[in-house]
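Trainee: I've got a model open and would like to work through its packing with you. Can we take it one question at a time?

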Amino acid sequence: MPANTPARNDDVAQPPATDPQTAPDRDPTAEPSSAAPRFPDAEPRLTLRGAVGPAYFPVALLARFPYAMMVVGVLTLVVAARDSISLGGLTSAMVGLGTAIFGPLIGAAADRWGQRRVLLIAGSASSLSLLGMAWVVYSPLDTWAVLASAFLVGATAPQVPPMSRSRLVGVIFRQLPPARQQMTMNSTMAYESAADEITFVFGPVIVGLLAASLGGAAPMIGAAVLTLCFLISFALHPTAEAVPKNAATHREPAPVAALFAPRLLVLLAGALGIGLIFGSTLTTLTSFMADLGYAERAGLVYGAMGIGSAIFALAAALFPASFTLQARWLSFGGVLLLGTIGLQFASALPVLILVLLVMGVGIGPTLVTQFSLVAERSPRGRSTTVMSMLTTAIVIGQSSSSAITGFIAENLGTQASAVVPLVAALLILFAAVGNALWVSNARDYSQD
């Protein structure tokens, strides 16, 4: 496809593509305005905040926390109730398995039938599964029941982060003037990634505070209450109609095979690496703090990584267009790698905090870049599905690395467990190289 050919998908009316990163199977004939649903007052707004309303962003942020609290909450609950770190790690992995299997299916259901209906059903099921697990773990039921309940927690988790991104992208390219679309898109992806950072970093902090003050079951009960309160508000918000349903438009989505194209697989590999970083770093830090006699403070120290990550994720909106997405991923992936190398030599708490800050500088812009690329490359009719796949990859990485790193730390020591974040950073950097090669090949193809 020529580099200057307008490229759009059926979910989001994109601006004319200026980079071969744009997905080649999008429908260039799609008319964004004819089928695009509008809010009751259809006058275009000048700002995204004006288009979605002042309540949207706080509601969407709070609705994410149960999702970010799941893995650590399950680990905390099982260790507190059954006094088994190995079982806690295994149940965390079961949460990731449930999310891996059903997360993309929930996203696909939202693409087909709309977000509102799917969110209300998934949210109700999620609240029941969270409360059910809190009961099962303290009951006399065997281990299989604990593992099964953990699987249900992951399987029913509402996909708020990808659905929020899909909504905002839909609003940007349908409600805002064309001159503001690309700049707003960059700022929005930066904010969304910063919001993910806030929840994934401070979700464990909330879990720790609830468990320490109210008991091991408190994080799960708290997550269930948050789901009921804020997920329903998120589901009922008018922006739920910003992404057109395939069933309503009667337009065939791209084939399932398009979800596994190389241009998307490199993004999934990168997102998996981010999840591996989250889980392995928190577990390694917990082991490090336990060695010092302050294991309960691990969540607070972990916040140092979130501070740097959130700040630089928001700063990504200020990067010039000449600093391309592939260059950003390579650059900040390199910063993240340097941070994980420093982690191997962090023997004192001040040094460890400095290393975590450096790692955060690398993580934030990398996550922004990955979701920006997904927004560009989503096949027609599959935007929420692809966003869910990327978010699911993060949860899989977080849960699996928590279990693996915990096993290594318990049997080989903290120093050995610090190798896992280093391996995760290498995966992120290799995926960045693969992405750059794909873009280069696509550019060469478009010029032939």
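Trainee: Among contacts between residues at least 6 apart in sequence, what percentage join residues at least 24 apart?

Mentor: Before the number, keep in mind that this is a predicted model, where local features need pLDDT of at least 70, side-chain atom pairs count only at pLDDT 80 or more, and totals for chains, interfaces and linings use all residues. Residues are numbered from 1 along each chain as its sequence is written, and side-chain values use heavy atoms, with hydrogens and water left out. Contact means heavy atoms within 4.5 Å. Taking contacts between residues at least 6 apart in sequence, the share that joins residues at least 24 apart is 83%.

Trainee: And how many helices and strands are there in the protein?

Mentor: Both come from DSSP runs, numbered from the N terminus: H or I over at least four residues for helices, E over at least two for strands. On that basis the protein has 17 helices and 0 strands.

Trainee: What percentage of the 448 residues count as buried?

Mentor: Buried is under 20% relative accessible area, exposed is over 50%, and partly exposed is in between, using a 1.4 Å probe and protein chains only. For the 448 residues of the protein, the buried share is 58%.

Trainee: Let's do helix pairs. Are α3 and α5 roughly parallel or roughly antiparallel?

Mentor: Axes are lines fitted to C-alpha atoms, for helices over the stretch in contact, and angles run from 0 to 180 degrees between N-to-C directions. Helix α3 (residues 56-82) and helix α5 (residues 115-138) pack at about 25 degrees, with axes 9 Å apart. Under 35 degrees counts as roughly parallel, over 145 as roughly antiparallel, 65 to 115 as roughly perpendicular and the rest as oblique. So α3 and α5 come out roughly parallel.

Trainee: Which residues of α3 and α5 make that contact?

Mentor: For the classes, Ala, Val, Leu, Ile, Met, Phe, Trp, Tyr, Cys and Pro count as nonpolar, Asp, Glu, Lys and Arg as charged, and the others, Gly among them, as polar. The contact of α3 with α5 has 10 nonpolar, no polar and 1 charged residues. From α3 come V74, L77, V78, A80, A81 and R82, and from α5 come M133, A134, V136, V137 and Y138.

Trainee: α3 also meets α7. Which way do they run, roughly parallel or roughly antiparallel?

Mentor: Their axes come within 9 Å and cross at roughly 155 degrees. The residues in contact are Y56, F57, A60, A63, R64 and Y67 of α3, with V160, P161, S164, R165, R167 and L168 of α7. By class that is 8 nonpolar, 1 polar and 3 charged. The angle makes α3 and α7 roughly antiparallel.

Trainee: How do the residues of the contact of α11 with α14 divide by class?

Mentor: Helix α11 (residues 262-292) and helix α14 (residues 349-377) pack at about 160 degrees, with their axes 10 Å apart. That makes the two roughly antiparallel. Their contact residues divide into 18 nonpolar, 4 polar and 2 charged.

Trainee: Now the rings. Is the pair of Y56 and F234 stacked or tilted?

Mentor: Rings of Phe, Tyr and Trp (its six-membered ring) pair if their centres lie within 6.5 Å; planes under 30 degrees apart are stacked, over 60 edge-to-face and the rest tilted. The count by this rule is 7 aromatic pairs. For Y56 and F234 the centres are 6.1 Å apart and the planes sit at 40 degrees, so the pair is tilted.

Trainee: How many residues apart in sequence are the parts that this pair ties together?

Mentor: Y56 is buried at 1% relative accessible area, and F234 is buried at 1% too. Y56, F57, Y191 and F234 form one aromatic cluster. Y56 lies in helix α3 and F234 in helix α9 (residues 218-236), so the separation is 178 residues.

Trainee: What about F319 and F332: stacked or tilted?

Mentor: F319 is in the loop between α12 (298-315) and α13 (325-343), and F332 is in α13, so the pair links parts 13 residues apart in sequence. F332 is buried, at 11%. With 5.6 Å centre to centre and 15 degrees between the planes, the pair is stacked.

Trainee: Last one: which residues does P162 contact, leaving aside neighbours within four places in sequence?

Mentor: P162 lies in helix α7 (residues 160-175) and is buried at 0% relative accessibility. With those neighbours set aside, the contacts of P162 are T384, M387, S388 and T391.
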